[in-house]
Protein chains: 2
Amino acid sequence: MIRHSVIFTLKYAKGSAEEKDFLQATEKLADIPGVKAFEQLEQVSKKNTFDYGLSMEFANQDEYDIYNNHPDHTAFIRQYWIPGVEDFLEIDYTPLNK
Amino acid sequence: MIRHSVIFTLKYAKGSAEEKDFLQATEKLADIPGVKAFEQLEQVSKKNTFDYGLSMEFANQDEYDIYNNHPDHTAFIRQYWIPGVEDFLEIDYTPLNK
């Protein structure tokens, strides 16, 4: 299992129509084949500057690659992510293999 | 629900006894009252420099505060975290309130 996540801030004001549109657009990522445990998150720690998070799980790297290359994902990146995101950090986890 | 997580790198070499000791010590955090869904994670994205993650969930801020102030947590910070951690970022999530 690979848990893919990204924490980010938007260029849009809190409560703005643009922010709402962006967050609604992220919901459609959950419908891309292979995406499991999709979550839209608010980042609430004051120890970093990010406001939001998205998290999803893939069974394996192949499923992750299919998502990355899926036209609905690349369209989201082009139409929403690139114009709207101010700052972000991608984090991918697997269970620790001890 | 608050999902508290931290991504981090250690000062210790991969596969070293010190690294193993550190990671084993983190397991005991799961026994602190209020800690749910405890996970030890490996960070596998090449888009950041962190190697490991810990994640846990609390029912609410009160449970989170109890954990933070618990003597087993503060002892872990003193004995393992401060001497062993090279770099880290804390991230706390709640489900997005749309």
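This is a predicted model: local features need pLDDT of at least 70, side-chain atom pairs count only at pLDDT 80 or more; totals for chains, interfaces and linings use all residues.
**Entry 1: a term to start with**

Before anything else I noted what a strand is here: a DSSP run of E of at least two residues, numbered from the N terminus.

**Entry 2: the make-up of chain A**

How many helices and strands does chain A have? I found 3 helices and 4 strands.

Next I looked at the overall form. A compact globule of 98 residues would have a radius of gyration near 13 Å, and chain A comes to 14 Å, which agrees. I then fitted a box to the C-alpha atoms along the principal axes, and its sides are roughly 40 × 35 × 20 Å.

How much of chain A is buried? Of its 98 residues, 16% are buried. I also checked which parts of the sequence meet each other. Taking contacts in chain A between residues at least 6 apart in sequence, I found that 69% join residues at least 24 apart.

From A:Ile77 I looked across to A:Asn60. These two are 17 residues apart along the chain, and their C-alpha atoms are separated by 22 Å. A:Asn60 belongs to the loop between strand 3 (52–58) and helix 2 (61–69) of chain A. With 10 other C-beta atoms within 10 Å, A:Asn60 is exposed.

I placed A:Ala37 in strand 2 (residues 36–43) of chain A. I counted 11 other C-beta atoms within 10 Å of A:Ala37, so it is exposed.

Then I went back to B:Ala37, the residue I opened with. Its phi is also positive, near 50 degrees, in a residue other than glycine. B:Ala37 is exposed, with 11 other C-beta atoms within 10 Å.

**Entry 3: how the two chains are related**

Two copies of a chain are related by a rotation about an axis and a shift along it.

**Entry 4: where the chains meet**

I looked at the interface next. In it, 23 residues of chain B are in contact with 23 residues of chain A. On the side of chain B that touches chain A, strand 1 (2–10), strand 2 (36–43) and strand 4 (85–95) of chain B each supply at least two residues. The largest share, 7 residues, comes from strand 4 of chain B. By kind, I sorted the residues of this side into 10 nonpolar, 7 polar and 6 charged.

Why do I say the copies meet through the same surface? It is because 100% of the interface residues of chain B are also interface residues in chain A.

**Entry 5: two residues of strand 4 in chain B**

I zoomed in on B:Asp92, which lies in strand 4 of chain B. Is B:Asp92 buried or exposed? It has 20 C-beta neighbours inside 10 Å, so it counts as buried. Leaving aside neighbours within four places in sequence, B:Asp92 is in contact with A:Gln43, A:Val44 and A:Ser45 from chain A, and with B:Ile2, B:Arg3 and B:His4 from chain B.

B:Glu90 is also found in strand 4 of chain B. With 14 other C-beta atoms within 10 Å, B:Glu90 is partly exposed. Which residues does B:Glu90 contact, leaving aside its neighbours within four places in sequence? I listed A:Ser45, A:Lys47, A:Asn48 and B:Val6. Last, I checked B:Glu90 against B:Leu54: they are 36 residues apart along the chain, and their C-alpha atoms are separated by 9.6 Å.

Technical notes: Residues are numbered from 1 along each chain as its sequence is written. Chains are lettered from A and ligands numbered from 1 in the order in which they are written. The radius of gyration is taken over C-alpha atoms; the globule rule is 2.2 Å times the number of residues to the power 0.38. A residue is buried if 20 or more other C-beta atoms lie within 10 Å of its own, exposed if 12 or fewer, and partly exposed in between; C-beta atoms are placed from the backbone. Two residues are in contact if their C-beta atoms, placed from the backbone, lie within 7 Å. Ala, Val, Leu, Ile, Met, Phe, Trp, Tyr, Cys and Pro count as nonpolar, Asp, Glu, Lys and Arg as charged, and the others, Gly among them, as polar.
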